[in-house]
Amino acid sequence: MRQTILRHSALHGRETDYLLYLPPGYNQGRDEKPLLLFLHGAGQRGSDPSMLSAHGPPKLVEEGRDFPFILASPQCPAGGNWVTRDLKEFLDFLCEEYRVDRSRLYLTGLSMGGFATWNLASEYPDMFAAIIPICGGGDFIRPLLLPEAKREALKTLPVRTFHGDNDQVVPVGESLRMVEIFRRAGNTQVELTVYPGVEHDSWTQTYAAADLFAWLLEHRR
């Protein structure tokens, strides 16, 4: 594997395995690097982090793609769900453990991870430079209850979200609802792409897009 399997034990007493990819030259330099946090869907829950390379950025890395950012992909336990406070703690750990440019934290996830992406960004919009939730949804109340400073951060958070209009697992209305909530909260930087005729797998073509990661890296917080 081109990614390292590691374990973090500080998530409220729970051990969490994750895949880590470091960009070329990371160990030879001292400069800080952008960080992308990838959150998988329900099908990759369990205790075998190698499963995480089935989809998304970890799959692209295993296929030979190099990225100029650190890629961290935690694994949710079998039968569990993503917990926002745990993900925030994991991000804090990554920023302490590795040379991370905190102005360039990026977030993406698919399906169950798409829900977590919306929720984590809704609660901590000031942490992220840009996010890409795919075929997910979220807690639509959370963005409307933010304190003033975080509401201002939410307004300037770039979002690209993607969904298939024939998704029978997570209806496209979930993404439409979150886009509307973010816009009601004052965010004018939300861009929704709906794929006609596409079912639940809207992530393969999204992550294959030539400009997707370049778009992420354009943004700083």
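In which strand is Leu 20 found? I looked this up to open the notebook, and Leu 20 turned out to sit in strand E2, residues 14-21, where helices (H or I, at least four residues) and strands (E, at least two) are DSSP runs numbered from the N terminus.

Before going on, I note that this is a predicted model, in which local features need pLDDT of at least 70, side-chain atom pairs count only at pLDDT 80 or more, and totals for chains, interfaces and linings use all residues. Residues are numbered from 1 along each chain as its sequence is written, and side-chain values use heavy atoms, with hydrogens and water left out.

**Entry: Leu 20**

I find Leu 20 at 5% relative accessibility, so Leu 20 counts as buried (buried means under 20% relative accessible area, exposed over 50%, partly exposed in between, with a 1.4 Å probe and protein chains only). Not counting residues up to four places away in sequence, Leu 20 touches Gln 3, Thr 4, Leu 6, Ile 70, Leu 71 and Tyr 98, contact meaning heavy atoms within 4.5 Å. I also looked up Glu 96, which is 76 residues from Leu 20 along the chain, and the C-alpha atoms of the two are separated by 15 Å.

**Entry: helix H3 and its partners**

I took the pair of H3 (residues 112-123) and H5 (residues 172-184), which pack at an angle of about 10° with their axes 12 Å apart; axes are lines fitted to C-alpha atoms, for helices over the stretch in contact, and angles run from 0 to 180 degrees between N-to-C directions. H3 and H5 are therefore roughly parallel to each other (angles under 35 degrees count as roughly parallel, over 145 as roughly antiparallel, 65 to 115 as roughly perpendicular and the rest as oblique). On the H3 side the contact is made by Phe 115, Trp 118 and Ser 122, and on the H5 side by Glu 174, Met 178, Val 179 and Phe 182.

For H2 (residues 84-97) and H3, I note that the axes come within 10 Å and cross at roughly 75°, and H2 and H3 are therefore roughly perpendicular to each other. Thr 84, Leu 87, Lys 88 and Leu 91 of H2 make this contact with Ala 116, Asn 119, Leu 120 and Glu 123 of H3.

**Entry: aromatic rings**

I find ten aromatic pairs in the structure (rings of Phe, Tyr and Trp, the last by its six-membered ring, pair if their centres lie within 6.5 Å; planes under 30 degrees apart count as stacked, over 60 as edge-to-face and the rest as tilted). One of them is the tilted pair of Phe 69 and Phe 213, at 6.0 Å centre to centre and 40° between the planes. This pair links distant parts of the chain, with Phe 69 in the loop between helix H1 (56-62) and strand E4 (70-74) and Phe 213 in helix H7 (residues 212-217), 144 residues apart. Both Phe 69 and Phe 213 are buried, and ring pairs link Phe 38, Phe 67, Phe 69, Tyr 207 and Phe 213 into a cluster.

**Entry: loop residues**

I checked Ser 111, in the loop between strand E5 (100-110) and H3, and noted a positive phi of about 55° although Ser 111 is not a glycine; its relative accessible area is 10%, so Ser 111 is buried. Cys 135, in the loop between strand E6 (130-134) and helix H4 (148-155), has a positive phi of about 40° although it is not a glycine.
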